[in-house]
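Here's a quick tour to read with the model open next to you. Grab your viewer and follow along.

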Amino acid sequence: MTTPQGFSFADLSPDLLLDALDSTGIRAESGLLALNSYENRVYQFTAEDGARYVTKFYRPQRWSDAQILEEHQFTLELAEQDIPVAAPLVHNGSTLHHYQGHRFALFPSLGGRQFEVDNLDQLEWVGRFMGRVHSVGQKQAFTHRPTLGLEEYLYQPRRQLEQADFIPDHLKAAFFNDLDFLIREIEQHWDNSWQSIRLHGDCHPGNILWRDGPLFVDLDDARNGPAIQDLWMLLNGERQDKLVQLDTLLEAYGEFADFDVNQLKLIEPLRGLRMVHYMAWLAKRWEDPAFPQAFPWFADAKYWEGQVLAFKEQLAALNEPPLQLMPQW
């Protein structure tokens with residue numbers, strides 16, 4: 001068996017894709033349309049029997065089999081509770097398949113339109129279902145997948161960025177000075193007193209489709225963490241806009257799960273974590289040809305100048321009063 005080198009998809013040719021699908025007994029008749037995914041490789045196709053599928057090939061060496069299967073099990077638990085998620089198919093007795101050193105899964109092809117982040121009716125639906133997701137998620141913890149924390153989202157990315165070669169020399173001193181300042185400020189605002197539950201983990205608007213209601217997709221970043229991690233990325237606009245959105249979300253969420261309002265103070269620290277982690281993620285994946293093609297601005301000095309400014313803006317946000325629920329009259 002050949003094993004892909006590092007995190008690479010270099011040997012994932014169309015022939016290998018078709019052979020891998022054939023190994024499960026499913027023959028692709030048409031398609032293999034690449035869908036928008038960078039961490040993994042995701043393709044839509046139609047099988048000989050006319051059924052439409054999506055197949056996800058997992059990035060080598062990112063997750064262990066146990067971690068992938070734990071994500072699959074959580075997704076299937078949600079689907080069993082009639083929560084609208086894109087759940088992997090159990091085929092030949094398993095949701096996870098292996099071929100020539102690659103791991104992949106099969107999903108039904110489920111279409112939908114874009115979730116409207118400014119639509120309060122849709123946001124209410126999402127809040128209601130997210131409450132149901134978390135009511136399942138809190139029944140037990142992941143044992144193989146990680147728990148959200150500063151090491152993975154701040155300290156490791158800080159080391160990754162220091163070793164990378166992207167930051168222009170004339171910006172390095174200012175960049176790392178402000179980054180370290182931001183890290184220290186996040187440390188001051190970080191609070192580990194929250195209840196850890198199983199999360200979607202990356203519940204931004206792009207991972208929600210709309211088809212007579214929300215459909216949650218791509219639980220690839222599922223992990224343990226605070227409930228607010230699955231909610232804060234759905235807030236946008238000015239502070240007053242966010243307050244209205246938050247109130248809408250949590251009122252609906254509360255129909256199915258309790259929410260600890262103390263977690264609201266984690267919103268800006270979590271935003272800072274995501275900012276730092278995202279930069280390091282791009283740097284770590286840059287040798288994948290898909291990344292320079294999709295993110296050409298990452299190697300531009302103007303991007304890094306913008307990040308120095310973004311650090312200062314995030315520092316200011318950390319020192320503003322946290323969002324709070326609006327008073328009920």
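## Ground rules

This is a predicted model, so local features need pLDDT of at least 70 and side-chain atom pairs count only at pLDDT 80 or more, while totals for chains, interfaces and linings use all residues. Residues are numbered from 1 along each chain as its sequence is written, and side-chain values use heavy atoms, with hydrogens and water left out.

## The nonpolar cores

Start with the largest nonpolar core, which has 76 residues. A nonpolar core here is a set of buried Ala, Val, Leu, Ile, Met, Phe, Trp, Tyr and Cys residues joined through side-chain atoms within 4.5 Å. Buried means under 20% relative accessible area, exposed means over 50%, and partly exposed is in between (1.4 Å probe, protein chains only). Phe175, Ile228, Phe298 and Trp304 touch the most other members of this core. Helix H7 (residues 267-284) supplies its largest share, nine residues. Helices (H or I, at least four residues) and strands (E, at least two) are DSSP runs, numbered from the N terminus.

Another core, of 15 residues, lies apart from that one, and its members include Leu17, Ala20, Ala28 and Phe45.

## H5 against H9

Two packed helices are described by the angle between their axes and the distance between the axes. For helix H5 (residues 169-189) and helix H9 (residues 301-318), the axes come within 10 Å and cross at roughly 25°. Axes are lines fitted to C-alpha atoms, for helices over the stretch in contact, and angles run from 0 to 180 degrees between N-to-C directions. H5 and H9 are therefore roughly parallel to each other; that label goes to angles under 35 degrees, with over 145 as roughly antiparallel, 65 to 115 as roughly perpendicular and the rest as oblique. The crossing of H5 past H9 is left-handed, meaning that the near helix is turned anticlockwise from the far one by less than a right angle (clockwise would be right-handed).

On the H5 side, the residues that meet H9 include Phe175, Leu179 and Leu182. Their H9 counterparts include Trp304, Val308 and Phe311. By class, this contact has twelve nonpolar, four polar and four charged residues. Ala, Val, Leu, Ile, Met, Phe, Trp, Tyr, Cys and Pro count as nonpolar, Asp, Glu, Lys and Arg as charged, and the others, Gly among them, as polar.

## Two positive phi values

Most residues other than glycine have a negative phi, and most peptide bonds are trans. Gln61 has a positive phi of about 70° although it is not a glycine. You'll find Gln61 in the loop between strand S3 (52-57) and helix H2 (65-80), and it is exposed at 53% relative accessibility.

Asp82 also has a positive phi, near 60°. Asp82 sits in the loop between H2 and S4 and is exposed, with a relative accessible area of 63%.

## Two buried strand residues

Ala28 lies in strand S1 (residues 28-34) and is buried at 17% relative accessible area. Not counting residues up to four places away in sequence, Ala28 touches Leu18, Leu21, Phe45, Thr46 and Ala47.

His97 belongs to strand S4 (residues 97-99) and is buried, with a relative accessible area of 7%.

Definitions and conventions. Contact means heavy atoms within 4.5 Å.
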